[in-house]
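Please look over the sequence and the 3D structure shown here. Then read the short report below.

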Amino acid sequence: MRFPARGNEDEWIGFGVGKFIHKIFAMTKQRVSYTLDSTLETVDNAEQTATRIAAEAGFEEDEVMRISMAVREAAINAVFHGNAYDPGKKVRLDFESTARDLVITISDQGKGIDVSKIPDPLAPENLLKTSGRGIFLIRSFMDEVQIHPSHSGTEIKLIKHVHGPAVDGKEASQ
Amino acid sequence: MSMKISNRQVDGVSIVDCSGRITLGEGSVTLRDTVRELLSKGRKKILLNLGEVNYIDSSGIGELVSAFTTVRNQGGDLKLLNLTKKVHDLLQITKLYTVFDVKDDEAAAVKSFN
């Protein structure tokens with residue numbers, strides 16, 4: 001997976017906030033993208049940014065909390081499981097707000113998650129496991145979740161509909 | 001807000017008062033260290049007061065489970081006290097609410113250990 005270098009997207013303008021956000025290189029009126037280091041600070045910043053953007057998009061407080069928690073869990077997966085804290089690997093975080101949806105995409109540069117090997121955390125034999133609940137929580141909190149693993153990383157797309165789940169809304173994992 | 005933690009003894013029960021966030025990193029480590037320290041002193045009746053915990057992530061949930069199983073494996077018991085709505089809801093959807101012994105009254109919770 002290759003992330004675009006700073007300034008490669010002509011319609012995007014660059015700006016910087018906070019010492020923990022390594023690069024903020026793109027923003028349009030309804031879309032903002034970040035390229036972040038594989039650190040715990042990235043997890044906290046991803047959560048805080050999601051909280052702000054979801055609130056600005058008009059979601060209620062409880063929904064904002066669910067969205068920010070889902071983003072936090074996805075960021076944990078990207079930093080910890082995907083990139084394994086490798087300083088040479090980055091996490092890409094994209095927010096896109098439309099009239100219908102808030103779409104958040106988190107990408108890492110790891111080996112790619114094997115979705116089929118994620119155990120069911122609700123199965124009796126897994127209830128007392130100390131890990132393995134992240135993807136479950138993400139799916140619980142968002143309207144749609146799409147997971148796209150590849151040999152060069154995992155991209156997870158989180159979708160929250162502005163007016164609740166769509167009639168034909170469904171979860172897709174690939 | 002990072003996690004703050006303190007503990008006190010009431011009728012042979014260690015009440016661990018937690019506040020803030022139990023999340024990946026500092027919060028989870030603080031809780032783990034506290035439980036381990038209590039166990040090392042032979043204090044195996046532990047009541048985790050989560051009344052001031054306003055946020056918990058999957059790592060924090062895992063730490064609660066780890067504390068629970070660690071204490072149980074050493075012949076002790078760990079119970080939860082005063083769950084906030086957020087923590088309560090998380091334990092519900094992860095089906096852990098029925099795994100933990102959850103209390104909402106401190107005095108009754110302390111008595112329940114004996």
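## Ground rules

This is a predicted model: local features need pLDDT of at least 70, side-chain atom pairs count only at pLDDT 80 or more, and totals for chains, interfaces and linings use all residues. Residues are numbered from 1 along each chain as its sequence is written, while chains are lettered from A and ligands numbered from 1 in the order in which they are written.

## Chain A at a glance

Chain A has 3 helices and 7 strands. Helices (H or I, at least four residues) and strands (E, at least two) are DSSP runs, numbered from the N terminus. From that end, the order is β-β-α-α-β-β-α-β-β-β.

Of the 174 residues in chain A, 36% are buried. A residue is buried if 20 or more other C-beta atoms, placed from the backbone, lie within 10 Å of its own; it is exposed at 12 or fewer, and partly exposed in between. Contacts join residues whose C-beta atoms, placed from the backbone, lie within 7 Å. Among contacts in chain A between residues at least 6 apart in sequence, 61% join residues at least 24 apart.

## The cores

A nonpolar core is a set of buried Ala, Val, Leu, Ile, Met, Phe, Trp, Tyr and Cys residues joined through C-beta atoms within 7 Å. In soluble globular proteins, nonpolar side chains tend to be buried together. The largest core here has 34 residues. A:Ala70, A:Val71, A:Ala74, A:Ala75 and A:Leu158 touch the most other members. Helix α2(A) supplies the largest share of this core, 10 residues.

A:Ala70 touches A:Leu137, A:Ile138, A:Phe141, A:Met142 and A:Leu158, leaving aside residues up to four places away in sequence. Another core, of 30 residues, lies apart from the largest one; B:Ile22, B:Tyr55, B:Leu81 and B:Leu90 are among its members.

## A sheet in chain B

Chain B holds an open sheet of 5 strands, in the order β1-β2-β3-β4-β5, with mixed pairing. Two strands pair if DSSP finds at least two bridges between them. The edge strands of chain B, β1 (4-10) and β5 (102-103), each pair on one side only.

Strands β1(B) and β2(B) (residues 13-22) run antiparallel, joined by 7 bridges. In β2(B), B:Ile15 is the bridge partner of B:Arg8.

## Where the chains meet

The contact takes 16 residues from chain A and 15 residues from chain B. On the side of chain A, α1, α2 and α3 each give two or more residues. The largest share, 4 residues, comes from α2(A).

Definitions and conventions
Two residues are in contact if their C-beta atoms, placed from the backbone, lie within 7 Å.
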